[in-house]
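Take a look at the sequence and the model, then read on.

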Amino acid sequence: MKLIEKNWVTAGYRSFSLEGPNGLIIERLSRTTGKNKSSFYHFFADVTIFTDVLLDFHLKQVALLAEKESKCRNLEEFISILTEHRTDLLFNRQLRIYRSNTSFESCFSKSYEIALPSMLPIWALVIGLTENSRLAEMVLRLSIENFYLQITPENLNPEWLYAYFDSIKKMVEGFKQGSMTPRLDGSV
C-alpha cells in the first residue's frame, strides 16, 4: 500500500471507528490527511470501494489482535492488548451498530470467528472458568454483545476494562455458588 493510500485508510478507519459509515465524508478525510479529494478518487474511485478496503483492513487488524490474544498469559497483558487495539474494538462496535448493512454484518461475523478461538483461553482464565471451557465460551458469547453495547471512545480504557472483567468474574462466581443473581454491570 502506498503511503498516501495508507494515510486515507488510517484516517477513514479511525473516523469509521468513532462515527460509523456517517464518518466517511471525503472532504473531512481530505482535511485530516492533508491530501486533496482527487487523491482519494485516484485510489478508491468511490466511498463504497473505500468502505470495502476498510473492511478488509479491519479483518487484518482483527487477525493481529487474535494472534496477540492467543499468546496472552494474564489479565494485565489482555487489557494491554485490548487498549492497544482500541480503534479496532471501536470499529467492530460500529459494525455491530450498523449490522443491518450486509457487508458490515458479514465483517462483524468474520471478525468474531477470527477472534473467538484465540481469546477463549485468556477469557476462561480471567473469569475463572478454566475448568469448564464450554461454559466459558457461552459466557464469552453472551458478554461480547454486552461489551459492544457498553464501550465508548470515552470509557474504553484500562480502568473500565478491569472493572468490566471484574463484574463478569463476580457474575460467574455467583452462578457457581448459586447464591446470587449478579448483573453484567457488577452489581448483585
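Two residues are in contact when they have heavy atoms within 4.5 Å of each other. Among contacts in the protein between residues at least 6 apart in sequence, 62% join residues at least 24 apart. Keep in mind that this is a predicted model.

## Overall layout

The protein has 9 helices and 0 strands. Its pattern along the sequence reads α-α-α-α-α-α-α-α-α. The C-alpha trace spans about 65 × 30 × 30 Å along its principal axes. The protein has 188 residues, and 44% of them count as buried.

## Helix H1 and its partners

Start with helix H1, residues 3-19. Helix H1 packs against H2 with the axes 10 Å apart, at an angle of about 120 degrees. The crossing of H1 and H2 is right-handed.

Which residues of H1 meet H2? They are Asn7, Trp8, Ala11, Gly12, Arg14, Ser15 and Glu19. On the H2 side, the residues are Ile26, Arg28, Leu29, Ser30, Thr32 and Thr33. By class, this contact of H1 with H2 has 4 nonpolar, 6 polar and 3 charged residues.

H1 also meets H4. Their axes come within 10 Å and cross at roughly 80 degrees. That angle makes H1 roughly perpendicular to H4. From H1, the residues in this contact are Trp8, Val9, Gly12 and Tyr13. From H4 come Phe50, Val53, Leu54, Phe57, His58 and Gln61. The contact of H1 with H4 has 7 nonpolar, 3 polar and no charged residues.

Trp8 and Gly12 are listed in the contact with H2, and Trp8 and Gly12 are listed in the contact with H4 as well.

## Salt bridges

Side chains of opposite charge can pair when their charged atoms come close. How many salt bridges does the model hold? The count comes to 10. The table gives some of them.

| Pair | Closest N to O distance |
|---|---|
| Glu19 and Arg28 | 2.7 Å |
| Lys37 and Glu27 | 3.4 Å |

Take Glu19 and Arg28 to begin with. Glu19 in H1 and Arg28 in H2 are also listed in the contact of those helices. Glu19 is partly exposed, because its relative accessibility is 32%. Arg28 is partly exposed too, at 27% relative accessibility.

Next comes the salt bridge between Lys37 and Glu27. This pair links distant parts of the chain. Lys37 lies in helix H3 (residues 37-44), and Glu27 lies in helix H2 (residues 26-33). The two are 10 residues apart. Lys37 has a relative accessible area of 36%, so it counts as partly exposed. Glu27 has 38% and is partly exposed.

Is Glu84 buried or exposed? Glu84 is exposed, because its relative accessibility of 51% is over the 50% cut-off. Lys68 is partly exposed, with a relative accessible area of 29%.

Salt bridges also form a network, which links Arg96, Arg99 and Glu145.

## Two more places to look

Asp166 sits in helix H9, residues 158-177. Asp166 is partly exposed, at 36% relative accessibility. How far is Asp166 from Lys68 in sequence and in space? They are 98 residues apart in sequence and 22 Å apart in space, C-alpha to C-alpha.

Ala45 is found in the loop between H3 and H4. Most residues other than glycine have a negative phi. Ala45 is not a glycine, yet it has a positive phi of about 70 degrees. Ala45 has a relative accessible area of 47%, so it counts as partly exposed.

Key
Residues numbered from 1 in each chain as written. Heavy atoms only, no water. Helix = DSSP H or I, 4+ residues; strand = E, 2+ residues; numbered from the N terminus. Buried < 20%, exposed > 50% of the residue type's maximum accessible area, 1.4 Å probe, protein only. Salt bridge = Lys/Arg side-chain N within 4 Å of Asp/Glu carboxyl O. Axes fitted to C-alpha atoms, helices over the stretch in contact; angles between N-to-C directions. Left-handed = near helix turned anticlockwise from the far one by under 90°. Nonpolar A, V, L, I, M, F, W, Y, C, P; charged D, E, K, R; others polar. Parallel < 35°, antiparallel > 145°, perpendicular 65-115°, else oblique.
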